[in-house]
Amino acid sequence: MKNRLKSGATLAVAVFASVVAGNACAGAMYIFWKDLRPASQAAAESVGLPMIAAKMPDHGETLSLNLQDKTVQLVGYALPVDRDGDLVYQFLLVPWTGACSHMPTPPPNQIVLVTPAHPYRMSEAYQPVSVTGALKPGMEKSQLFILDGVSVIQSGYTVRKAEVVNVVTVPDTITLPVNSPWTFLNKKKN
């Protein structure tokens with residue numbers, strides 16, 4: 001009987017430990033892109049593409065301070081800022097494909113500068129990813145090296161030591177207008 005209780009207690013501890021390890025991000029609050037801007041601010045599709053930030057009264061610099069230091073999970077598209085081959089050490093998380101390099105830059109409150117906890121292996125720019133970590137509001141500038149030169153991008157948030165995983169889709173992505181020359185970026189790859 002003692003051995004059964006002992007092995008039952010051991011099994012319970014093992015199950016609890018595996019549940020805790022499997023839910024390392026269980027305390028994270030899942031947020032959407034709209035949560036990063038004030039409720040009174042129009043969404044990007046409402047103000048129209050291109051020149052989104054220019055059409056906003058505050059140029060998209062009003063940040064959501066109620067999320068400060070909260071552990072959040074946000075899904076978006078990764079655009080490498082600091083990389084070596086396919087290893088990415090820092091990237092911009094943006095709400096739609098083409099943002100910052102092929103199209104006008106989203107407002108700062110729709111860009112997150114992400115530093116992964118471990119170098120992230122990226123196979124392509126605008127790879128859809130889920131980022132989990134502590135969100136810090138605050139303007140930060142990054143240099144983005146693109147084909148036709150260098151662009152300075154201002155992000156409104158940072159997540160450092162982030163856990164990054166690949167995803168298939170971004171649930172709240174902005175779909176480009178049909179007449180946009182960049183709609184090919186939204187097409188699924190086979």
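User: Why is Phe 32 called partly exposed?

Analyst: In this predicted model, Phe 32 has a relative accessibility of 30%. Buried would require under 20% and exposed over 50%, so Phe 32 counts as partly exposed.

User: What makes Tyr 30 and Phe 32 an edge-to-face pair?

Analyst: The two ring centres are 5.2 Å apart, and the limit for pairing is 6.5 Å. The planes of Tyr 30 and Phe 32 stand at 80 degrees; an angle over 60 counts as edge-to-face. Tyr 30 is partly exposed, with a relative accessible area of 34%.

User: How many aromatic pairs does a search of the whole structure find?

Analyst: The search finds two.

User: Why is the pair of Phe 91 and Tyr 120 called tilted?

Analyst: The centres of these rings are 6.2 Å apart, and pairing requires them to lie within 6.5 Å. The planes of Phe 91 and Tyr 120 are at 45 degrees. Stacked needs under 30 degrees and edge-to-face over 60, so the pair is tilted. Phe 91 belongs to strand E3 and Tyr 120 to strand E5, 29 residues apart, and the pair links distant parts of the chain.

User: Are Phe 91 and Tyr 120 buried or exposed?

Analyst: Both Phe 91 and Tyr 120 are buried. That term stands for a relative accessible area under 20%.

User: What makes the contact between Arg 121 and Asp 86 a salt bridge?

Analyst: The N to O distance between the side chains of Arg 121 and Asp 86 is 2.9 Å, and the definition asks for a nitrogen within 4 Å of a carboxyl oxygen.

User: Why is Arg 121 called exposed, and why is Asp 86 called partly exposed?

Analyst: Arg 121 has 53% relative accessibility, and exposed means over 50%. Asp 86 has a relative accessible area of 33%, which falls between the limits of 20% and 50%.

User: How do you know that Asp 69 and Lys 136 form a salt bridge?

Analyst: Their closest N and O atoms are 2.4 Å apart, and the cut-off is 4 Å. The pair links distant parts of the chain, with Asp 69 in the loop between helix H2 and strand E2 and Lys 136 in strand E6, 67 residues apart. Asp 69 is partly exposed at 41%, and Lys 136 is partly exposed at 39%.

Note on methods
Residues numbered from 1 in each chain as written. Predicted model: local features only at pLDDT ≥ 70, side-chain atom pairs only at ≥ 80, totals over all residues. Heavy atoms only, no water. Helix = DSSP H or I, 4+ residues; strand = E, 2+ residues; numbered from the N terminus. Buried < 20%, exposed > 50% of the residue type's maximum accessible area, 1.4 Å probe, protein only. Phe/Tyr/Trp six-rings, centres within 6.5 Å; stacked < 30°, edge-to-face > 60°.
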